[in-house]
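Trainee: Please take a close look at one part of this model for me. I would like the packing between the chains, and then whatever surrounds it.

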Amino acid sequence: MSLHTRREFLSTGLKGAGLLAVSTFAPAFVARTAAATGAGRDASILVIVQLSGGNDGLNTVIPFADDLYAKARPTIRIAGRDTLKLSDSLGLHPSLAGMKGEYDAGRMAIVENVGYPNPNRSHFRSMEIWHTGGDDTKPRVTDGWLGRYFDAKCDGLDPRNLPGEIGVSLGKVMPQAFRNRANVGLAINDPATFQWNPSGETSTLAKVQEKIFEKLNQPGGGGTMAPASGGISGNEPETMDFLRHTAMNAVVSGDEIRALLKQEKNRAKYPDGELSSQLQMVARLITGDFPTRVYYVAQGGYDTHADQLGNHARLLGDFSQSVTAFLDDLRKQKAADRVVVLAFSEFGRRVAENGSRGTDHGAAAPMFVFGDTIKGGLHGTAPDLSDLVDGDVKHQTDFRQVYAAILDGWLKTPSEKILGQDFRSLDLIRSRG
Amino acid sequence: MDLLAPLPARDFSPYAAAHLLWRAGFGGTWKEAEELAALGLDGAVDRLVNYRRSTGLKAPPCAEPLKESHRVFEERVRALPDEREREKERQVRRETEQRNIRELQIWWLDRFLASSPSHETIHPLEEKLTLFWHSHFATGFQDKIEETHPIWQQNQTFRELALAAFPDQLRALIHDPAMLVWLDNAASHRGHPNENFARELMELFSTGVGHYSETDVKESARALTGYGIDRENWTFAFREDAHDPDEKSFLGQSGRFGGDDIVRIITEQPATAKFMTRKILDAFVCTQPGEDLVEPVADLYRASGYDLKALFHTLFRSQLFYSAQAMNSVVKSPVLLAIGALKGMRAKLPAEELILGALRVMGQNLFFPPDVNGWPGGGDWINSNTLLVRYNFANFLMHGVSPDEFKTFDRQVNRGGNRRTFLETQRNPDAVDWSPKKQMMSDGAVRPVLSNKDIANHFLREFLQREPPRDLSDAITQLAGTDGSGGRRSMSVEDVNFDERARGLVHLIMSSPDYQLC
């Protein structure tokens, strides 16, 4: 963005009185705001919901008719009559009533038994595998699958090419999935703290302070796609560059985000809770045409090693109510056809319960996809509880087949390029008119 | 191993001493750095490493065992006729303990702040290592423990064993009540072993991932069955009837193993020495150390029987530690950032709500690690969110601005867009008391003529404590020459608003990327 347009943006932008009046650097994607009315409306948006800790797939999509299920879980099984029936052998957890409505309307896809070869039962490694799209049969990769998507867009692979676009995570941490060459995604927790404030008692002094602040935090080179190595490498100049990019991105986008959150409204009744709060912000940024296609939210607590039943019910209830409120909100604001929601967890849990009325780390589990433009219903094949490896179900669908479906069908970016090989795309997205 | 050769004594400048203070402790004043430098390299390292251990420290009141034990409480509550009454009692107990754990956080932060190479009883390296072990053996108050006493017990164990040999530390860990509850081992029994603790014991606490099989996890989980606690007084209890005494085969050895055998075998693995060495180097010496450095240091560490004291003696005296590769390569943790700044100001801890709120939003809520992996540290401290919070924290320290955001942080984040902005927030009574002028006078730093550059460099030395990069020095000098109306007017200690302007300089120093590193 040239100095000129930057000034123009700040003076005509939503907030008007921008603080950083003399920046020669701004993340290029913010430049798009000016033209948002054009590109925003046809953009396809992906919202990732991460269920952290390892969601118990077998007590989420429940094979109640299978004797092996009942036998493996003497104290924590859920009886068929209590489930929300999907078929005469399969039912959803009773806390998922809202989602069942989506399912019945054909707007929720359940991909059964999703995993990857050589399942890793470490939270951290398995999470890394899901975030990077690698696995233990290949050399380790550390950049994220969405980070590579943004890099590819940067290289012009995406025909609609929003230059310099980055992912937005509503939370305190930056998901590894966003890590890319520039490593400058946005993590926003509290929009109100998302600004730098001068302290000068007069506006003139404040302006001088702002100017100096900008100078100290001005990334070298000024390029929009930062060639930084991606974070902290022990090399001081690179670390400094990373810090400066992070600061500038935050300050410039913070102004806009605050303005959008103020301007936009939520039109559905959301439950209380952190996931819900995050999704409320995402909905407002979407209806306000904030220029990114990828949002990331997370709900923690799924590591149910002990006394699982009550906790798991509470978690799933929160998940279901928050997501359905979000979809409802978008629908009321005529934005639902632009959004696909993808929910995953780093692994499922052991088939047999442990001695603490809980379950230990397992392997494959179902994934969930929501949206008005997806092909609802059951996808993939159900886990076979009579054919276990190390007490865990064997995966039938690779999670990268789901990523491929999203990349090819929704984000319109060749998945082979992003995932390093051709995983057979699942048929999850209806073609849009 | 040239890199581990000692630094020539003459190179141990006050800047080098300041670097040592940041890494082996929580920073300090420039005066402390000068005093440390005067001891010479060996003397300074001795002072920091050969401290007298804080054994037998008394629990602060907030961390004493609850008057009513878990069992007595449960019996009393269960006898209540009404469910609402029962829930109310439980709520009261929960709130009491939440208040207590916050007091313990403050207690610990006060120790960080008081620690100094010249302090009689509170030693910088001891507290720094206690914090290191808290993150390494990360145990959280929330969900499972929810009592302050076992958390303090564990904290004191880490303190007493801060420089102990690693096998001794691991042995203490498998007997630590808070850890056994946190990772579900307390309820693990033969026939149905819970693998949570056994897995993390290797993956996160010792060998690192990739050096054991799933069978090893299962077998060590069997060996650890029966390692439980007496919930009445939060002490370790070995439950014979729950322990699986049969033969196990673990990492290539077989026997009727119990927990101590597991620790012995784990610490025999070269992978353990490497994993721990990498972590220690990364935290104390240089970010992301290469394998060519990790291997020889790990060999040294293991060959010495994991003598951590000797290792720090070597590292803190080494040329490596004072090399360009190591200096300014570490991102300050939120605790280090906050405590270091307060030390520089010689200020007290801000109001409890504010300092705890600030640390939480910067990503380091003591006793509430994000998960059992602890705080990843390094570049993970920094993202668009936390970096701005760090800069805002500087504004709070210097001008008392923005505490509202720290206070209301937990409430409905999505309303953020409608809240008052910082600019609308006026200075408030919670502001930290600090007079730069008084500090300069008492340090004898006031000379008849002080140029803008002198003033800028004075504060850079006090807070950044390194040779300032040219652009930073120029920028702060420029600001020192700008008065309230934006015009050019030199700063003078005679000015009535000198303190205000000086705080403005330090605010900018702390709003620089340079200040995030040490």
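**Helix packing between the chains**

Mentor: Helix 8 of chain A and helix 22 of chain B are roughly antiparallel to each other, because their axes meet at an angle of about 180° and angles over 145 degrees count as roughly antiparallel. This is a predicted model. The two axes lie 10 Å apart.

Now the residues. Helix 8 of chain A brings A:V208, A:Q209, A:I212, A:K215 and A:L216 to this contact. Helix 22 of chain B answers with B:L472, B:A475, B:Q478 and B:L479. By class, the residues of this contact are six nonpolar, two polar and one charged. An α-helix has 3.6 residues a turn, so residues three or four places apart point the same way.

Step back to the whole contact of the two chains. Chain A puts in 59 residues and chain B 63 residues. On the side of chain A that touches chain B, at least two residues each come from helix 6 (123–132), strand 7 (186–188), helix 8 (203–216), helix 9 (236–263) and helix 10 (274–287) of chain A. Helix 9 of chain A gives the largest share of that side, with 13 residues. The classes on that side of chain A are 24 nonpolar, 23 polar and 12 charged residues.

Chain A itself next. Chain A has 13 helices and 14 strands. Of its 433 residues, 60% are buried. Take the contacts in chain A with a separation of 6 or more: 71% of them join residues 24 or more positions apart. A:T292 sits in the loop between helix 10 and strand 8 (294–299) of chain A. A:T292 has 21 other C-beta atoms within 10 Å, so it is buried; the cut-off is 20 or more. The C-alpha atom of A:T292 is 7.3 Å from that of A:V168, though the two residues are 124 residues apart along the chain.

Back to helix 22 of chain B. This helix, residues 470–480, also packs against helix 21 (residues 452–463) of chain B. The axes of helix 21 and helix 22 of chain B come within 8 Å and cross at roughly 120°. Helix 21 and helix 22 of chain B are therefore oblique to each other. The crossing of helix 21 of chain B with helix 22 of chain B is right-handed. From helix 21 of chain B, the contact uses B:N452, B:K453, B:I455, B:A456, B:N457 and B:L460. From helix 22 of chain B, it uses B:S473, B:I476, B:T477 and B:A480. Five of the residues in this contact are nonpolar, four are polar and one is charged.

Now the domains of chain B. The assignment gives domain 1 (334–424) and domain 2 (436–516). Their contact takes 10 residues from domain 1 of chain B and nine residues from domain 2 of chain B. On the side of domain 1 of chain B that touches domain 2 of chain B, helix 16 (334–345) and helix 18 (384–399) of chain B each supply at least two residues. Helix 18 of chain B gives the most to that side, with six residues. That side of domain 1 of chain B divides into five nonpolar, three polar and two charged residues.

Another helix of chain B deserves a look. Helix 17 of chain B (residues 352–362) is largely enclosed by the rest of the structure, because eight of its 11 residues are buried. Those buried residues are B:L354, B:I355, B:L356, B:G357, B:A358, B:L359, B:V361 and B:M362. After helix 17 of chain B comes B:G363, with a positive phi near 105°.

Last, two backbone points to check. Most residues other than glycine have a negative phi. B:W234 is not a glycine, yet its phi is positive, near 50°. B:W234 lies in the loop between strand 1 (227–230) and strand 2 (235–238) of chain B. B:W234 is buried, because 22 other C-beta atoms lie within 10 Å. B:Q288, also not a glycine, has a positive phi of about 50°. The loop that holds B:Q288 runs between helix 13 (270–284) and helix 14 (291–303) of chain B. B:Q288 has 15 C-beta neighbours inside 10 Å, so it counts as partly exposed.

Definitions and conventions. Residues are numbered from 1 along each chain as its sequence is written. Chains are lettered from A and ligands numbered from 1 in the order in which they are written. This is a predicted model: local features need pLDDT of at least 70, side-chain atom pairs count only at pLDDT 80 or more; totals for chains, interfaces and linings use all residues. Axes are lines fitted to C-alpha atoms, for helices over the stretch in contact, and angles run from 0 to 180 degrees between N-to-C directions. Helices (H or I, at least four residues) and strands (E, at least two) are DSSP runs, numbered from the N terminus. Angles under 35 degrees count as roughly parallel, over 145 as roughly antiparallel, 65 to 115 as roughly perpendicular and the rest as oblique. A crossing is left-handed if the near helix is turned anticlockwise from the far one by less than a right angle, and right-handed if clockwise. Two residues are in contact if their C-beta atoms, placed from the backbone, lie within 7 Å. Ala, Val, Leu, Ile, Met, Phe, Trp, Tyr, Cys and Pro count as nonpolar, Asp, Glu, Lys and Arg as charged, and the others, Gly among them, as polar. A residue is buried if 20 or more other C-beta atoms lie within 10 Å of its own, exposed if 12 or fewer, and partly exposed in between; C-beta atoms are placed from the backbone. Domain bounds come from an automatic or database domain assignment.
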